[in-house]
Amino acid sequence: PLQLLLAGLGALLFVVISRTWHRHHAQPGYTLGAYLAAYGATRFPLEFLRDPAAGGAAGWLSHSQVMCVGCVLGGMLLLRFARPAPA
């Protein structure tokens, strides 16, 4: 069932990021930043549901959760410094 949940979240992210691109396509990096932040934020809690033998959280944070934190931080940096493209 976790794979189905991840697929559903992927479809939802597609819709949200598509709308984001339509609103902010003149700002290079904004859509990528929004995707990275949203993907990392939605994937992080789901990693607790994975089997520890398959790379899920066992004790502290799994490698996937550390990468999710990196995605969120990188996405927020892109969102912060995204500027409109010169006309």
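Tutor: A helix is a DSSP run of H or I with at least four residues, and a strand is a run of E with at least two, numbered from the N terminus. The model is predicted, so local features need pLDDT of at least 70 and side-chain atom pairs 80 or more, whereas totals use all residues. Residues are numbered from 1 along each chain, and side-chain values use heavy atoms, without hydrogens or water.

Student: What span does helix H1 reach from its first C-alpha to its last?

Tutor: Helix H1 covers residues 2-24, which is 23 residues. The expected span is 1.5 Å times one less than the number of residues. For H1 this expectation is 33 Å, and the model comes close to it, with a reach of 32 Å.

Student: Against which helix do the buried residues of H1 pack?

Tutor: Buried means under 20% relative accessible area, exposed over 50%, and partly exposed in between (1.4 Å probe, protein chains only). In H1 the buried residues are Leu2, Leu13, Ile17 and Thr20. These buried residues of H1 pack against H2.

Student: Against which helices do the buried residues of H2 pack?

Tutor: H2 has 17 residues and reaches 25 Å, close to the 24 Å expected. Its buried residues are Thr31, Gly33, Ala34, Ala37, Gly40, Arg43 and Leu46. They pack against H1 and helix H3 (63-81).

Student: Is Gln27 buried or exposed?

Tutor: Gln27 belongs to the loop between H1 and H2. Leaving aside residues up to four places away in sequence, Gln27 touches Ala82, Arg83 and Pro84 (contact: heavy atoms within 4.5 Å). Its relative accessibility is 19%, so Gln27 counts as buried.

Student: How is the pair of Tyr35 and Tyr39 classed?

Tutor: Rings of Phe, Tyr and Trp (its six-membered ring) pair if their centres lie within 6.5 Å; planes under 30 degrees apart are stacked, over 60 edge-to-face, and the rest tilted. The structure holds two aromatic pairs. In that of Tyr35 and Tyr39, the ring centres are 5.8 Å apart and the planes stand at 20 degrees, so the pair is stacked.

Student: In which helix do Tyr35 and Tyr39 both lie?

Tutor: The two tyrosines are four residues apart, about one turn of the helix. Tyr35 has a relative accessible area of 33% and is partly exposed, and Tyr39 is partly exposed at 29%. Both lie in helix H2.

Student: How is the pair of Phe44 and Phe48 classed?

Tutor: Phe44 is partly exposed, with a relative accessible area of 23%, and Phe48 is partly exposed at 48%. Their ring centres are 5.8 Å apart and their planes are at 85 degrees, so the pair is edge-to-face.

Student: How far apart in space are Gly10 and Tyr39, C-alpha to C-alpha?

Tutor: Gly10 has its place in helix H1. Its relative accessibility of 37% makes Gly10 partly exposed. In sequence, Gly10 and Tyr39 are 29 residues apart, while in space their C-alpha atoms are separated by 8.3 Å.

Student: Among contacts between residues at least 6 apart in sequence, what percentage join residues at least 24 apart?

Tutor: The chain has 87 residues, of which 24% count as buried. Among contacts between residues at least 6 apart in sequence, the share joining residues at least 24 apart is 62%.
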